[in-house]
Amino acid sequence: MALSRIIKPNQILFKSTKLIPPNSSLLHSCKSPLFFPSNQRRPICAKHRNDNFLSSDQINISNAFISILIKHPFSPNNPELNNLVPLLTHKIVESVLNNLKNWRLAQQFFTWVSSLPGYKHNIYTYNAMASILSRARQNAQLKALALDVVDSNCSMNPGALGFFIRCLGSVGLVDEANNLFDQVKRIGLCVPNSYSYNCLLEALSKSNLIDLVETRLKEMRNLGLEFDKYTLTPVLQVYCIAGQFDKALSVLNEMLERGWVDEHVLSILVVAFSKWGEVDKAIELIDRMEERGMRLNEKTFYVLIHGFVKESRMDKALCLFDKIRKLGFCRSVSLFDVMIGGLCKNNEREKALSLYSEMKELGIDPDFGILTKLISSFSEEEEEMDRLLQQCWEYVGSQPKNLLFNSVLEGLVRNGSIDTACNLIQSVMGNNRNGGSVLVKYFLNEKEVVTLNTNSFTSVINGLLGAGKVDMALSLFREMVQFGCNPTLSHYNDLIDALCKLNRLEESYELLRQMKEMGLEPTHFTHNCIFGCLCRLEDVEGAVELVRKMRFYGHEPWIKYSTLLVKNLCKHEKAVEACKFLTDMAQEGFLPDIITYSAAVNGLIKIKSVDKGLELFQEICSRGYCPDVISYNILIKALCKAKRVAEAEGLLNDMMLKGLVPSEVTYNYLIDGWCKNGEIDRAMLCLSKMFGKEREANVITYATLVDGLCNFGRPDDALKLWDEMGRKGCIPNRIAYHTLVNGLCKCGRSSAALVHFNEMKEKEMRPDSYIYIALISAFLSDTNLPCVLDMLKEMVDVGNLPDPLDKNFPIIRGAICKLLEDARTSFSIKHLIAEGKIPDVSLLEGAE
C-alpha cells in the first residue's frame, strides 16, 4: 500500500483502525479525557535538582572538598576532609558529586559520606550518583545503588523517581528500573505521576517489552493519569522495534490527531520502515516530512543509509546521500566508505568512482579501506583497473603498496579473473615477466618493489580451489613455500579438503606429513576430511586406523561419515562388514549414533537377514541407546514384508511404552502387512488405533485399506471408507483412484468402477493401461459389450492399447473377438481394424 493512500491532506499521515479499536484498554479515542489537549506540551526533564542555587559559602565548601579529593588519594581519615564534615549538607554533597570527573572517586566520596554519623543521603544525592554511574556504564554499582535507595527508605518526588529510572534504562537495566518503580510505589516512598510513568515506558521500550509497556499504559489509565506525546512515543517505538506495523500506525494516528508528531516521532517510523524492508515507504515518508517542513536529523540519515546499503538498496541509499548533500550535513570518510563499499558490492563501479572523485573535490582524504574496496571491485578489464590505479597511486604512500597489491589480487579472484591473478603473482615472483600486462608496471617498479607475503598467495590459492583448479592451487602452494612464505594451517586444511573430495587420498596423506614437519598439528577438521575420504572409498581398515590416531589427538570422527560408510557398505551387500566397522569404532571409544546403527540394521535386512537386523537392534537397545521412530519403522516394515506382522505390532507396542509416538508411516506399514496377510479386520483395528493416537490417516492409508477390503470381497466397506476419506479432507490421488477402480472391477462392481473412473478423468488424472484392462475384463464378465467397445476406443484414442507382446494383450484380443461376434459392435470393430487402429486378431492367430 503506497503512502499516498495512507497520508491524508489534513496531516493525518496514517489511518489504521483494525487492530486497536476506539474503546481499546490501551488507547482512547479522540474524545478521551485522558489525553492532554494538543497545545499542552511538556519536555522530559534531563535531571531533577533543588531549585535554589548554592550560596557563595556553599560553593566555597564544595570547592574545598573537590580540591582535597583530587589532590590526594582518597582516605576516610584525611584530617582535611574530617575538618569539613560539620559543614556538609545535601546540596554540597550533590555539588561535589556533579563536579567529580572520576566515577570511582565519586563513589568513594558517596560511600564515605553515607557512613558519617547523622548523615543520610536524600534522593538528589542518589540521583547525582546514579547519573555518574550510568554515564560511566558501571552497571553493577548502579544495580547496588538502586537496591540501596529502597533499603534506605529514601522518600522521593515523582520527578526524582523518573530521573533514577532513566539512569537505569540508559544502560539497559530495564528489570531493575521496573522493580524499583514497583517497590517505591508499594512501600509508599513515592506516588508516581505521568512523568514517572513516561520515564519507565521509555526504559521499557528499549528492550522490546511490549506486554509490560501495555500493562503500564493500563495502569496509567486506571489511575486517571494523563497521556501526552512522551507517553505514546515509547509505545510507538516498542511496536516499531517488534515489527508490529498496524499497531505502530494506530498509535501514530492517535498522536497525529493530538498534534504530537514531530521530527523525532517520524524518525522512529522511518527507521522502522527501513528495518521492515519497506524501503520505498521510508523514502516516501521522508518526502512527506519535508513537504511539512520536517526533516530527519543527521544521525537518522546515517542509520538509514547503513540499513539501505546492508539491504543492497543502493538506489535508495544514493537518494538519501543526495539529500544529505542538499541539507548541508557533513559527509564523513566513514559515510563515503559505506557508500563506496555498497556500490562496489553491487558492481556499480562507475558510481563508486564518481563518489571517490567527489571525495577528492571536497578535500576528504580517502582511507586505505576505501581504496582497497575500489581496487578489489575490478576484474581483468585492465583499462578500468589501470585508470583507477592511476587515480589512487598518488594517494597511497610507499608502505601500503603490498596491501594494495593484495587488494588487486582479491578483486581479480572475486570477479572470476583467476588466471590473471595467477599471472600477476607469477610476474612479481619473477617467473612470468609478461604476465599481468598493465598491472605489472605498477607492482614491478624498481623504486617501489612489492614484497609478497603469505596473504598475497592465500586469496589466489583459495580462488583456484573454489574454481575446482586443485592442481593449479597445489602448484602455486609449492611455489609459495619455495619463495619463502610460510604456509598456514588453513592452507593445508583447504588443500587436504579439496584433495579428499576428489578421493586423492595419497596426496592428502603427503600434505599431512609435510604439515607435521612444519610443526603444525592436524586439527579436528584435518582428520575428518581424510576420514570422510576413507569412508567414501569404503576403506574400512584405513578408517579404523585413522580413528585410532584421532583418538590420540582427542579428535572425534564425524558421525555423518561413519553413517555414509555404513550405508555404502550395506548398499553393496556388505552389511556384515558394516557391523564389524561399528564394533571396531565402539572399541576405540567412539560410539556411533542411532542413525548410523539404523543404517546397519537396514543393511542387514536388505540382504534378507531380518533376524540379524533384529539382533543388532536389540543389542543397541541393551547398550542404552534409545531408538527413534525411524529406527522402529525400518524393522516394522521389514517384518510386515516378511509376513511377520504380529512381531511388527509387538514392536509398535514397545515403542509406545518407551514414550515414542508412531508416525503415519508406522501405521501404514502395519495396515499393509495385515491386509496382505488377509486379516482385514486387524488392519481396520489398526486404523482405529491410529485415530486414537491422533494420527491423521493419509491417502496411502486409505488406498491400502480399500485394496485390502476389495481383495477380501468387501466392496461396500471399501466404498464407505472411500467416502469417509473425502469427509476427513483427505484428497485421493491418482494411485488411490487406480486402487479403487481396480478393486471394484475384481469384485464385479463394474458400474461403480466406471463412475469413479470418470470422476478420476474429470480431475484430470490420466488412467494407466491396466485400469482400462481391468474395466474391459469386468464388462466382459457382465457381457456389457457396448461398454467394452467404449473402453477399447478410449484406449486407442489416448494411446494406451498394449502391444501384442504385452502380458495383458490376450484380454484385448479376447475382447476384440467377442465384439466381432456381436452384431451391435462388429461394424465399429471392423472399421477400427480397417483403419489400422487395432490389430486384426485373425492375422495374429494365423501367425501363431
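**Terms and Their Grounds**

Guide: Lys143 is partly exposed, with a relative accessible area of 36%. The model is a predicted one, in which local features need pLDDT of at least 70, side-chain atom pairs count only at pLDDT 80 or more, and totals for chains, interfaces and linings use all residues. Residues are numbered from 1 along each chain as its sequence is written, and side-chain values use heavy atoms, with hydrogens and water left out.

Visitor: Why is Lys143 called partly exposed?

Guide: Buried means under 20% relative accessible area, exposed means over 50%, and partly exposed lies in between (1.4 Å probe, protein chains only). The value for Lys143 is 36%, so this residue is partly exposed. Glu176, at 23%, therefore also counts as partly exposed.

Visitor: What makes Glu176 and Lys143 a salt bridge?

Guide: A salt bridge requires a side-chain nitrogen of Lys or Arg within 4 Å of a carboxyl oxygen of Asp or Glu. The closest N and O atoms of Glu176 and Lys143 are 3.8 Å apart. The pair links distant parts of the chain, with Glu176 in helix H9 (residues 174-187) and Lys143 in helix H7 (residues 139-151), 33 residues apart. Helices here are DSSP runs (H or I, at least four residues), numbered from the N terminus.

Visitor: How many salt bridges does a search of the whole structure find?

Guide: The search finds 28 salt bridges. One of them joins Glu759 and Lys763, at 4.0 Å from N to O. Glu759 has a relative accessible area of 27% and is therefore partly exposed; Lys763, at 42%, is likewise partly exposed. Elsewhere, salt bridges that share partners join Asp182, Lys185, Arg216 and Glu219 into one network.

Visitor: Are Phe531 and Tyr561 buried or exposed?

Guide: Phe531 has 0% relative accessibility and so counts as buried. Tyr561, with a relative accessible area of 13%, is therefore buried.

Visitor: How do you know that the charged end of Lys728 sits over the ring of Phe691?

Guide: The criterion is that NZ of Lys or CZ of Arg is within 6 Å of the ring centre and within 35 degrees of the ring normal. The charged end of Lys728 sits over the ring of Phe691, 4.7 Å from its centre.

Visitor: What span does helix H41 reach, and what is expected?

Guide: The expected span is 1.5 Å times one less than the number of residues. Helix H41 (residues 734-746) has 13 residues and reaches 18 Å from its first C-alpha to its last, close to the 18 Å expected.

Visitor: What makes H41 mostly covered?

Guide: Ten of the 13 residues of H41 are buried, among them Tyr737, His738 and Leu744. What covers the buried residues includes helices H39 (699-711), H40 (715-727), H42 (750-762) and H43 (769-781), where contact means heavy atoms within 4.5 Å. Just after H41, Gly748 takes a positive phi of about 75 degrees.

Note on methods: Helices (H or I, at least four residues) and strands (E, at least two) are DSSP runs, numbered from the N terminus.
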